[in-house]
Amino acid sequence: MELIRSDLNIDFLRRKWLFMGLSGVLILVGIVSLVVKGGPDFGIDFAGGLLVELRTQKPTSPAEVRQALAEKRMGNFVVQNAWELGKASGQDFLIRMDLGEGKPEELSKLVQKALEDHFGKEGLEIRRVEMVGPKVGKELQRKGTWAVILALIAILVYLAWRFEFKYSLGAVTALFHDVMITLGAFSVTGREIDLPIVAAFLTIVGYSVNDTIVIFDRVRENVRKYRRTPLAEIINRSVNETLSRTILTAGTVFITDLALFLFGGGVIHDFAFALLVGIVAGTYSTVFIASPIALAWEQRFGTKRSSAGKA
């Protein structure tokens, strides 16, 4: 299926500095947000604590849930609405609480009893209880960070072996761009980073590098076919030839993930949000970040072919 003619000649590299500047601004906004908020907002998977998800039989407010816990002097806790279809249902809530010095199992029972005393056993449904100790949370945080870093290094080595270093540099720069954009989006929107979100980051890395490899494969084929053509022209030709495939792949994945975001429920809401941002950033960076970086490296350290094709 061909949405766009493969012989279409859009000059994607002509505005490369404009798009790089736009990406720099978006990443800077994310970094500023992270600095102002003191770093990523880690969920209980990494920070440790108690998470209770409950549904009340009748619509109520977070203030009433807080009152139910405050009546039993439950210590430091945060009560939030669980969001469905972009709106607070008024019946679903998330309670996050520091474990302190108490035992997690005992604290969980105290929280459930405080809620049942206020709303009645028939007045609420405890849908989920998660507990993670502070030491386990720090260990998971360290391993999650290393998982993303090692994935980027492995991809850099693989692409350098399969293609050339300039292509691997462009691909890994695009992956780093995608992760930073998604991390910044989470910080700006006040969303938590937990284990499923790390899995989403790794999924984004896999999706983005797959998209990039398709274009670089076409670049490699065209380099062999048009030996005297400047690299900039070959990259533009290759991006145009694969544009239909890029739009179809990204479009179908985006629509599927959008359905999960809207109708998947609160449990996977943030996971789906991460994928939505990552799909858009990954598709954009494949065209406007990876290829210009590879071209810039070739123009700086490459052969006469690239110098003849400087944009």
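How many salt bridges does the count come to by the distance rule? The count comes to eight, a salt bridge being a side-chain nitrogen of Lys or Arg within 4 Å of a carboxyl oxygen of Asp or Glu. The model is predicted, so local features need pLDDT of at least 70 and side-chain atom pairs count only at pLDDT 80 or more, while totals for chains, interfaces and linings use all residues. Residues are numbered from 1 along each chain as its sequence is written, and side-chain values use heavy atoms, with hydrogens and water left out.

The protein contains 11 helices and four strands. These elements are DSSP runs numbered from the N terminus, with helices (H or I) of at least four residues and strands (E) of at least two. Of its 311 residues, 44% count as buried. Buried means under 20% relative accessible area, exposed means over 50%, and partly exposed lies in between (1.4 Å probe, protein chains only). Contacts are heavy atoms within 4.5 Å. Among contacts with a separation of 6 or more, 77% come from residues 24 or more positions apart.

Asp92 is buried, at 3% relative accessible area. Arg55 is partly exposed, at 29%. Two further pairs lie within helices. Asp117 bridges to Lys113, with closest N and O atoms 3.1 Å apart. These two residues are four apart in helix H4 (residues 104–119), so about one helical turn separates them. Asp117 is partly exposed, with a relative accessible area of 43%. Glu221 and Arg218 meet at 3.7 Å, N to O. They are three residues apart in helix H7, again about one helical turn. Glu221 is partly exposed at 46%, and Arg218 is partly exposed at 28%. Salt bridges with shared partners join Arg55, Asp92 and Arg127 into one network.

In soluble globular proteins, nonpolar side chains tend to be buried together. A nonpolar core is here a set of buried Ala, Val, Leu, Ile, Met, Phe, Trp, Tyr and Cys residues joined through side-chain atoms within 4.5 Å. The largest such core has 32 residues, and Ile155, Leu159, Tyr167, Phe216, Val219 and Ile235 have the most contacts inside it. Elements giving two or more residues to this core are H5, H6, H7, helix H8 (231–241) and helix H10 (269–301). H10 supplies the largest share, seven residues. Beyond its neighbours within four places in sequence, Ile155 contacts Val172, Leu175, Val205 and Val209. Another core, of 23 residues, lies apart from the largest one and includes Ala185, Ile204, Val277 and Ala281.

The second largest pocket holds about 340 Å³ of space. A pocket is an open set of points on a 1 Å grid over the protein atoms alone where a 1.4 Å probe fits, with protein on both sides within 12 Å along at least five of seven lines; lining residues have an atom within 4 Å of a point. The lining has 15 residues, of which Thr145, Val148, Val179, Leu183 and Phe201 lie nearest the pocket centre. Helices H5 (134–162), H6 (165–188) and H7 (195–225) each give two or more residues to this lining. H5 gives the most, with six. By class, the lining has 12 nonpolar, three polar and no charged residues. Ala, Val, Leu, Ile, Met, Phe, Trp, Tyr, Cys and Pro count as nonpolar, Asp, Glu, Lys and Arg as charged, and the others, Gly among them, as polar.

Notes
Points joined across faces, edges and corners; volume = space filled by probe spheres on them.
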